[in-house]
Amino acid sequence: MVGLVVASHGRLAEELVSTAEQIVGKLPAVATCNIEPGTPVEDLRAKMKQAVSRVDAGDGVIILADLFGGTPCKESLMMCQRMNLEVLAGVNLPMLLKANSLRSEQLTLSEMANQLASYGQRNITCASALLREAQQQPRT
Amino acid sequence: MISLVRVDNRLIHGQVVEAWLPHLKVSRVVVADDEAASSPLIRAAMALAVQSAIEVQILPLSQVDFAALSKDGVRTLVLLRDVASVPFAYAHGLNLGELNLGNVHFGTGRRQVSPSVFLAEAELRTLQQLAEQGVRVEARAVPSEKPVELSDLSERWAKAG
């Protein structure tokens, strides 16, 4: 099973995982990693390595980082040179839920990462505009 | 064909869309609820939350043809807002093998029997009657959770008094 690491600033990573678990139940092989203000980068680096090795069962790991260009993302990118890792930036709740369910399908690590990136983007919608459209052409 | 009947105060919401629909692999969701059916806004918002490959019907309780849903070959999840609706649906042909209690919110006179289920005495009695008629009753918010069977729910209800 592909491992998942959610990496963020502040408590976002833990909260994302616990929120996802409230919706779909316990997520297997998921770790979190965060950086608080004032934490040395070396500490984060060590934490990230630990998180990755904890969830890596040999099928590789996808890191879901919060912000492209942020420290969690940058540190993940450094690691993916040497390990079987894909890094996604801009993690959101739909992406995390999808990442969990996609693991049961036979995909390569890079296919899975690509699908997740487009899925995450597709799930950012102007929901109120969709609702207005749906009210014009109701499904039910 | 009915895959599952679920009692959930919130009807279609995150747990249903993200956890139960993929788990059950249904092609149809039927919400039997007067309040939801009466609001075009709620109907549109709920239907929108479900991927378009899955048919969504949101109808008043009395207008649902439960017997027909039970007979055709379409795998179906039936959502009801409260326990009180279950006997009505059952009496109107709902083929009820398994009843799942998802979210039944707290209210006056209700006792907690699982993290997300609070039951009034009359509801517990209704559930016990259904069980006598051969329905398996369980409380479980999401598929991966361990189900709590009716015997345990009854016991917890008595202890919570």
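## Cysteines, a fold and a buried glutamate

The sulfur of Cys80(A) has its closest cysteine sulfur in Cys73(A), at 9.2 Å, which is too far for a bond. This is a predicted model, in which local features need pLDDT of at least 70 and side-chain atom pairs count only at pLDDT 80 or more, while totals for chains, interfaces and linings use all residues. Residues are numbered from 1 along each chain as its sequence is written, chains are lettered from A and ligands numbered from 1 in the order in which they are written, and side-chain values use heavy atoms, with hydrogens and water left out.

A disulfide is a covalent bond between the sulfur atoms of two cysteines, and here the term is applied to a pair of cysteine sulfur atoms within 2.5 Å. By that criterion, a search of the whole structure finds zero disulfides over all chains. Cys80(A) is partly exposed, with a relative accessible area of 23%, and Cys126(A) is also partly exposed, its relative accessible area being 48%. On this scale, buried means under 20% relative accessible area, exposed means over 50%, and partly exposed covers what lies in between, with a 1.4 Å probe and protein chains only.

Turning to the fold, chain A contains six helices and four strands, where helices (H or I, at least four residues) and strands (E, at least two) are DSSP runs numbered from the N terminus. Read along the sequence, these elements follow the pattern β-α-β-α-β-α-β-α-α-α. The C-alpha trace of chain A spans about 55 × 35 × 25 Å along its principal axes, and 41% of the 140 residues of the chain count as buried. If a contact is taken as heavy atoms within 4.5 Å, then among contacts in chain A between residues at least 6 apart in sequence, 71% join residues at least 24 apart.

In chain B, Glu138(B) lies in strand β8, which covers residues 136–139, and Glu138(B) is buried, with a relative accessible area of 1%. What do the polar contacts of its side chain join? One, of 2.9 Å, joins the side chains of Glu138(B) and Arg136(B), and another, also of 2.9 Å, joins those of Glu138(B) and Arg140(B). A polar contact is a pair of N or O atoms within 3.5 Å; within protein, one atom must be able to donate a hydrogen and the other to accept it, and residues adjacent in sequence count only if both atoms are side-chain atoms. Leaving aside residues up to four places away in sequence, Glu138(B) touches residues including Trp20(B), Glu98(B), Leu99(B) and Pro147(B).
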